Amino acid sequence: MTDGWTDQKRRTLINFLVYCPKGTIFLKIMDVSDVLKTTRLLHHLFKEVVLYVGVENIVHMVTDNAANYVAASKLMMEEFPSIFWSSCAAHCINLILQDIGKLQSVYYIVEHASGITKYIYNHCYPLYLMRKVTGGKEILHPAPTRFATNFIALQSILAHKDELRTMVTYRE
């Protein structure tokens with residue numbers, strides 16, 4: 001499995017993980033900040049990992065579905081016919097949610113919910129009241145990088161809808 005991400009220092013990194021009956025094992029991390037992630041480079045990196053782990057030990061590869069990853073993975077399947085590739089389901093769902101989040105009506109609701117959350121967490125007394133009426137439970141914050149969190153945050157606000165309404169009309 002591969003997982004590409006950018007760290008706090010803005011480095012572009014690729015994690016390589018191996019899943020086996022004992023669980024998921026971190027194999028290595030590659031800093032690819034200084035190179036283009038071309039099909040050729042990714043194919044080389046994938047092949048290096050496959051040869052290290054052993055072709056006979058690999059059944060399935062999972063990557064995101066960016067065009068360069070798909071092309072590199074197809075080359076891997078041609079070179080190693082015993083290896084099957086698929087895109088990461090979580091990545092696909094995240095991209096679908098990103099597209100849904102671009103719809104004007106959804107975007108407006110997410111922005112409104114984000115504003116409510118920011119207001120509560122940026123002011124001591126509203127935060128105190130929210131925690132009081134929710135019994136100490138928190139509402140989740142939308143995150144800028146993972147689009148599913150916007151919908152999880154909306155679900156959190158919906159779950160605490162009655163308590164939040166109570167908070168707004170609270171006599172204190």
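Which residue takes a positive phi in the hairpin of E1 and E2? Arg 10 does, with a phi near 65°, in a hairpin that has five residues between the strands.

The views below show a predicted model, in which local features need pLDDT of at least 70, side-chain atom pairs count only at pLDDT 80 or more, and totals for chains, interfaces and linings use all residues. Residues are numbered from 1 along each chain as its sequence is written, and side-chain values use heavy atoms, with hydrogens and water left out.

**View 1. The open sheet of E1, E2 and E3.** Three strands form an open sheet in the order E1-E2-E3, with antiparallel pairing. Strands (E, at least two residues) and helices (H or I, at least four residues) are DSSP runs numbered from the N terminus, and two strands pair if DSSP finds at least two bridges between them. Strand E1 (2-6) and strand E3 (23-31) stand at the edges with a single partner strand each, so one side of each is left without a neighbour in the sheet. On average, neighbouring strands of this sheet are turned by 25° against each other, direction ignored. In a regular strand the side chains alternate between the two faces of the sheet.

**View 2. The pairing of E2 with its two partners.** Five bridges join E1 to E2, and these strands run antiparallel. In this pairing Gly 4 stands opposite Ile 14 in E2. Strand E2 (residues 12-20) is joined to E3 by eight bridges, again antiparallel. Phe 16 has Lys 28 as its bridge partner in E3, and Leu 17 has Phe 26. A hairpin leads from E2 to E3 through two residues.

**View 3. Arg 10 in the loop between E1 and E2.** Arg 10 is found in the loop between these two strands. Its phi is positive, about 65°, although Arg 10 is not a glycine. Most residues other than glycine have a negative phi. With 67% relative accessibility, Arg 10 counts as exposed; the classes are buried for under 20% relative accessible area, exposed for over 50%, and partly exposed in between (1.4 Å probe, protein chains only).

View 4. The side chains of Glu 48 and Lys 28 meet in a salt bridge, at 2.6 Å from N to O. The pair links distant parts of the chain, with Glu 48 in helix H1 (residues 39-53) and Lys 28 in strand E3, 20 residues apart. A salt bridge here is a side-chain nitrogen of Lys or Arg within 4 Å of a carboxyl oxygen of Asp or Glu. A search of the whole structure finds four of them. Glu 48 is partly exposed, with a relative accessible area of 35%, and Lys 28 is partly exposed at 24%. Side chains of opposite charge can pair when their charged atoms come close.

**View 5. Two further salt bridges.** Glu 79 and Lys 47 meet through their side chains in a salt bridge of 2.7 Å, N to O. Glu 79 lies in helix H2 (residues 67-79) and Lys 47 in helix H1, so this pair ties together parts that are 32 residues apart in sequence. Glu 79 counts as partly exposed at 33% relative accessibility, and Lys 47 is partly exposed at 28%. Arg 131 forms a salt bridge with Glu 138, their closest N and O atoms being 2.7 Å apart. Arg 131 is partly exposed at 36% relative accessibility, and Glu 138 is partly exposed at 34%.

**View 6. Thr 117 in helix H4.** The place of Thr 117 is in helix H4 (residues 104-121). At 1% relative accessibility, Thr 117 counts as buried. The side chain of Thr 117 reaches the backbone oxygen of Ala 113 at 2.9 Å. Leaving aside residues up to four places away in sequence, Thr 117 touches Ile 139, Leu 140, His 141 and Ile 157; contact means heavy atoms within 4.5 Å.

**View 7. The crossing of helices H6 and H7.** The axes of helix H6 (residues 148-159) and helix H7 (residues 161-168) come within 4 Å and cross at roughly 65°. Axes are lines fitted to C-alpha atoms, for helices over the stretch in contact, and angles run from 0 to 180 degrees between N-to-C directions. From H6, Ile 157, Leu 158 and Ala 159 make the contact, and from H7, Lys 161, Glu 163 and Leu 164.

Note on methods. Polar contact = N/O pair within 3.5 Å; in protein donor to acceptor, adjacent residues only side chain to side chain.
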